[in-house]
Amino acid sequence: MLITVTRTGGFAGRERSASLDTEYRSDGAELEQLAERALSGECPADRGPVPDGFAYVVHIDGKLVELRDPYLTDAQRQLIATVLGEGA
């Protein structure tokens, strides 16, 4: 499973993107389950931006989800942090 996260916004307005392929990871099965939970969670991007907040575009095997802070579920936050390698 290929997972790509692109983060935009924040105070500096910088874009950051990262991907990971679960096929080559020892925790791949766990990440796939996390990705499924993240996709099944609420996708509240329509709530509008928060000043200096982050917006995320998450691609998981051809599926696209748009998300915004602070409206992330725990699964979405954990997946984003894992893929980007930093806190979400």
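Me: Which residues have the most contacts inside the largest nonpolar core?

Reply: Y56, V58, L79 and I80. That core has 19 residues. Keep in mind that this is a predicted model.

Me: Which elements give two or more residues to this core?

Reply: They are β1, β2, α1 (28–40), β3 (54–60), β4 (63–68) and α2 (74–84). The most comes from α2, with 5 residues.

Me: Why is T22 called buried?

Reply: The cut-off for buried is under 20% relative accessible area. T22 has 3% relative accessibility, so T22 counts as buried.

Me: Where is T22 placed?

Reply: In the loop between β2 and α1.

Me: What makes the pair T22 and E32 a polar contact?

Reply: The limit for such a pair of N or O atoms is 3.5 Å. The side chains of T22 and E32 are joined at 2.7 Å, so the pair meets that limit.

Me: Which residues are in contact with T22, leaving aside its neighbours within four places in sequence?

Reply: M1, I3, G28, L31 and E32.

Me: Why is A18 called buried?

Reply: The same cut-off of under 20% applies. A18 has a relative accessible area of 16%, so A18 is buried. This residue lies in strand β2.

Me: Which residues are in contact with A18, once neighbours within four places in sequence are left aside?

Reply: I3, T4, V5, V83 and L84. V5 is also the bridge partner of A18.

Me: How far apart are A18 and R7 in sequence and in space?

Reply: They are 11 residues apart in sequence and 9.0 Å apart in space, C-alpha to C-alpha.

Me: What makes β1 and β2 a strand pair?

Reply: Pairing needs at least two bridges. Strand β1 (residues 2–9) and strand β2 (residues 16–21) have 6 bridges, so they pair, in the antiparallel sense. Their hairpin has 6 residues between the strands, and G10 takes a positive phi near 80° there.

Me: What makes β1 and β3 a pair?

Reply: At least two bridges are needed here too. β1 and β3 have 7 bridges, so they also pair, again in the antiparallel sense. One of the bridges joins G9 to F54 in β3.

Me: What is the order of the strands in the open sheet?

Reply: The order is β2-β1-β3-β4, with antiparallel pairing.

Me: Why do β2 and β4 stand at the edges?

Reply: Each has a single partner strand, so one side of each is left without a neighbour in the sheet. From one strand to the next, the twist averages 15°.

Me: How does α2 sit relative to the strands?

Reply: α2 lies across β1, β2, β3 and β4. Its direction is about 90° to β2.

Me: In what order do the elements run from the N terminus on?

Reply: β-β-α-β-β-α. That covers 2 helices and 4 strands.

Me: What share of the 88 residues is buried?

Reply: Buried residues make up 36%. The protein exposes about 5,200 Å², and carbon and sulfur atoms supply 47% of that area.

Me: Of contacts between residues at least 6 apart in sequence, what share joins residues at least 24 apart?

Reply: The share is 50%.

Methods: Residues numbered from 1 in each chain as written. Predicted model: local features only at pLDDT ≥ 70, side-chain atom pairs only at ≥ 80, totals over all residues. Heavy atoms only, no water. Buried < 20%, exposed > 50% of the residue type's maximum accessible area, 1.4 Å probe, protein only. Contact = heavy atoms within 4.5 Å. Areas by Shrake-Rupley, 256 points an atom, 1.4 Å probe, with all protein chains shown as cover. Core = buried A, V, L, I, M, F, W, Y, C linked by side-chain atoms within 4.5 Å. Axes fitted to C-alpha atoms, helices over the stretch in contact; angles between N-to-C directions. Polar contact = N/O pair within 3.5 Å; in protein donor to acceptor, adjacent residues only side chain to side chain.
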